[in-house]
Amino acid sequence: YITANRRYVAPVYYRSLPKAKNITVISKNGVNAYRTESFKGKLKHYKLGTHLKVKKIVNYHLTSRYLLMNGSYITGNKKLIIQGNY
């Protein structure tokens, strides 16, 4: 059966910056980096296991994006990235 009880449902997107300001790509297909927070202008593709440095977290509508040190944006989806070095 399906529930929406907060005790059993977790958010899909990160809402905070990692303490060490590092994230790791965990998606087997990798993630893309974009020029803007609305994901326009694809810049680069990061493969599984890539470690990235984060400058800040940006809220975009109901999702969150990470602004990387190089000025590009990637997703804050917990199924695609994880906070820390893994």
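**Core and surroundings**

Trainee: Which residues make up the largest nonpolar core?

Mentor: Tyr-14, Ile-23, Val-25, Val-31, Ala-33, Tyr-46, Leu-52, Val-54, Tyr-66, Leu-68, Ile-74 and Ile-81, 12 residues in the largest nonpolar core. Such a core is a set of buried Ala, Val, Leu, Ile, Met, Phe, Trp, Tyr and Cys residues joined through side-chain atoms within 4.5 Å. Buried means under 20% relative accessible area, exposed over 50%, partly exposed in between (1.4 Å probe, protein chains only).

Trainee: Which elements give two or more residues to this core?

Mentor: Strands E1 (22-25), E2 (31-34), E4 (51-60) and E5 (63-68). Strands are DSSP runs of at least two residues, numbered from the N terminus.

Trainee: What kind of model is this?

Mentor: A predicted model, where local features need pLDDT of at least 70, side-chain atom pairs count only at pLDDT 80 or more, and totals for chains, interfaces and linings use all residues. Residues are numbered from 1 along each chain as its sequence is written, and side-chain values use heavy atoms, with hydrogens and water left out.

Trainee: What is Leu-52 in contact with, leaving aside neighbours within four places in sequence?

Mentor: Lys-21, Asn-22, Ile-23, Val-25, Tyr-46, Leu-68 and Ile-74. Contact means heavy atoms within 4.5 Å.

Trainee: Switching to Thr-75. Buried or exposed?

Mentor: Thr-75 is buried, at 9% relative accessible area. Thr-75 lies in strand E6 (residues 73-75). A polar atom of its side chain is 3.1 Å from the backbone nitrogen of Asn-77.

Trainee: And where is Val-9?

Mentor: In the segment before E1. Val-9 is partly exposed, at 44%. Not counting residues up to four places away in sequence, Val-9 touches Thr-3 and Ala-4.

How values were computed
Helices (H or I, at least four residues) and strands (E, at least two) are DSSP runs, numbered from the N terminus. A polar contact is a pair of N or O atoms within 3.5 Å; within protein, one must be able to donate a hydrogen and the other to accept it, and residues adjacent in sequence count only if both atoms are side-chain atoms.
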